[in-house]
Amino acid sequence: MAKSKRIKEGIGYDIVQVLIYIFVGLFALLTVLPFLYIIAGSFATEKELTERSFFIIPTEFSINAYKYIISTGEIFRGLKNSVYLTIVGTFVQMVFTTTFAYPLSKSDFRGRNFVLNMVIVTMVFGGGMIPSYLLIKGLGLTDKFAALIIPGAIGAFNMVIVKNFFQDIPKELDEAAKLDGCSDFNIFLKIFLPLSKPVLASISLFYAVGHWNDYFGAMIYLTDPKKEVVQVALRRIVLLAAGIQADGTMLDYGIMGVPPDKAVKMAATVVATVPILLVYPFIQKYFTKGVMIGAVKG
Amino acid sequence: MKKQPASESLPKQSFLKYFKQHKGLYLMLLPGFIYFIIFKYVPMFGIVMAFQQFSPYQGFFKSPFVGFYHFRNLFLSPDFMRLLINTLMLSFLSLIFYFPAPIILALFLNEIRCQTYKRVTQTLLYIPHFISFVIVASLTYTLLNINDGIVNQAIKMITGNTVDFLGSPDYFRGLIIGQSIWKETGYGTIIFLAALAGVDMELYEAARIDGASRWRLMWHITLPAIKGVIIILLILRVGAVLNTGYEQIFLMQNSLNISKSEVFDTYVYTRGIKQGQYSYATAVGLFKSVVGMILVLAANWTAKKAGESGIY
């Protein structure tokens, strides 16, 4: 009796287990299906896109959409600008963040609490969008990439993570180096930075993905078409052509000419997505680690 | 007199002497310090604009003061109730549907024993987090638009009708919540899985030997392990009840669904940056941040009263 009951429980357990595997698998599939569909669609002919409803492998392979995209060059200009913005922006942010975090990681640093409290206040309260906008405009940063870099030079939360990491590096290293006559800046550069590689990798990736994906800032501050970043270009190609303008009014096709066809929109989306997907396998590890460091310490 | 720890019982160095010894450190702090003053504190004082009739020509110091004029305008305007309802509805729906999603998924992932399967699904589930909202909006458009969106083609095949997901206000909230769930659920599990990684496996084994079922294990071991994280996230969530974010909503907003899609964040942008009503928009923003700050502190206080560790 007892034995059969246990087997029965076992079967119930297995059924639930199978259902969990299926649910998780379906959810994972749901996250990638849209990508597979647009990749397939970008290589399909317009005819197939209108006739067949859903497919992962197009029957007729066509690269016309990509040819069109290359010929207009808009999205590639966007890619170039975004790469520049991401590299320079991340570098500047890392310099600001680490140099600011280092003195604050010293427990005996005079003024430490004052500065830390000053930072914490900004995490709870801020001036809001308009004063910042007027400030950035007033500083003459409009239409400069600096408008997207300098105002976000230090993410308070990221800074705290880096500070906590520095704090955990043994004090003895610092003291020994000082006895050898090493300056504070050199200790930071030659001892602390190399020892903090994992956290620095995570934080710089947070910053980099933020720059790459930023749309709103670029839309507000960069009006020069030569400085259009990839997200703005993509939005223009896919969504504006769909008849919806940035201000929410409908677009008049009469003036704009024929909207780009479906395959072109898909190809543009693919081109804007691929760079992130290419680096994703390499950055996933650091992202996960970054969240964990933040979670444990924060 | 307070007793001081041994290391500090030495006569305290004068600040000047300490400063001279550690010039390097202060020099390193300087750029960041200036950054916080200019880009965080100067805009805070810019809030004064909310009580002025600010004009860019007269500038910050010469614009006339009008007291609470803009706040009165905001609260008396017919926009206010609509904004409040739209914003609160989005936050409320996201609290009910989006907030628990990563918790549930993390509990499921925690049950998966096959490590390869777990790793592969996790890798796929995290992807959308790295995708920009522009791409999410583009995908949404490609899949759902009324003319040639694949979902509408499928609906047409089955029912013969099409559904205007993107142009009708009725679908707006569902779209936003759906996008959030699609984009962030997978990534949101990391923090819970990290908390679960710290649970001693022997606890599970001991409970299982005592005949505890899967649900009892979940209820008595797994959930308590992530309770602290859930509460912290909940506090942050409550504080952000009026912050719906600009980008996602802005990208899905159009003239057809504006009655449901206009929230405080997008309103500040439209009124302030697009229409140049700087003072009014600053007042709206200030109202939002003050409410947010009060809510965070209140939620934090409540959590602490209930015996949980808060965030401050």
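Over all chains, the structure holds 12 salt bridges. The coordinates are those of a predicted model, and every value below is computed from them.

### Salt bridges

Three of these pairs are listed here.

| Pair | N to O distance |
|---|---|
| A:Glu74 and A:Arg236 | 3.6 Å |
| A:Asp174 and A:Lys106 | 3.0 Å |
| B:Lys183 and B:Glu184 | 3.2 Å |

In chain A, the side chains of A:Glu74 and A:Arg236 meet in a salt bridge. This pair joins distant parts of the chain, with A:Glu74 in helix H4 (residues 74–105) and A:Arg236 in helix H13 (residues 230–240), 162 residues apart. A:Glu74 has 27% relative accessibility and therefore counts as partly exposed. A:Arg236 is likewise partly exposed, its relative accessible area being 28%.

The salt bridge between A:Asp174 and A:Lys106 has an N to O distance of 3.0 Å. Here too distant parts of the chain are linked: A:Asp174 belongs to helix H9 (residues 171–179) of chain A, A:Lys106 lies in the loop between H4 and helix H5 (112–124) of chain A, and 68 residues separate them. How does the burial of these two residues follow from their accessibility? The cut-off for a buried residue is under 20% relative accessible area. A:Asp174, with a relative accessible area of 6%, is therefore buried, and A:Lys106, with 11%, is buried as well.

In chain B, the side chains of B:Lys183 and B:Glu184 form a salt bridge. Both B:Lys183 and B:Glu184 are buried. Some salt bridges share partners, and through them A:Glu74, A:Arg77, A:Glu228 and A:Arg236 are joined into one network.

### Composition of the chains

Chain A contains 15 helices and 0 strands. Of its 298 residues, 50% count as buried. Among the contacts in chain A with a separation of 6 or more, 69% are between residues 24 or more positions apart.

Chain B has 16 helices and 0 strands. Buried residues account for 49% of its 312 residues. For contacts in chain B with a separation of 6 or more, 65% come from residues 24 or more positions apart.

Helix H11 (residues 197–213) of chain A has 17 residues, which at 1.5 Å a residue should span 24 Å; the end C-alpha atoms are 24 Å apart, so expectation and model agree. Of the 17 residues of H11(A), 13 are buried, and the helix is therefore largely enclosed by the rest of the structure.

Helix H6 (residues 100–111) of chain B has 12 residues and should span 16 Å at 1.5 Å a residue; its end C-alpha atoms are 17 Å apart, which agrees. H6(B) is mostly covered, with 9 of its 12 residues buried. Its buried residues include B:Ile103, B:Leu105, B:Leu107 and B:Leu109, and also B:Asn110 and B:Glu111.

### The interface

Which parts of the two chains come together? In the model, 97 residues of chain A are in contact with 91 residues of chain B. The area buried between chain A and chain B is about 8600 Å², and carbon and sulfur atoms give 76% of it. On the side of chain A that touches chain B, the largest share, 17 residues, comes from helix H1 (residues 2–42) of chain A. By class, that side of chain A has 66 nonpolar, 19 polar and 12 charged residues.

Between chain A and chain B, 21 residue pairs are in polar contact, both residues being at pLDDT 80 or more.

How values were computed:
Residues numbered from 1 in each chain as written. Chains lettered and ligands numbered in written order. Predicted model: local features only at pLDDT ≥ 70, side-chain atom pairs only at ≥ 80, totals over all residues. Heavy atoms only, no water. Contact = heavy atoms within 4.5 Å. Buried area = accessible area lost by both parts, 1.4 Å probe. Polar contact = N/O pair within 3.5 Å; in protein donor to acceptor, adjacent residues only side chain to side chain. Helix = DSSP H or I, 4+ residues; strand = E, 2+ residues; numbered from the N terminus. Nonpolar A, V, L, I, M, F, W, Y, C, P; charged D, E, K, R; others polar. Expected span 1.5 Å × (residues − 1). Buried < 20%, exposed > 50% of the residue type's maximum accessible area, 1.4 Å probe, protein only. Salt bridge = Lys/Arg side-chain N within 4 Å of Asp/Glu carboxyl O.
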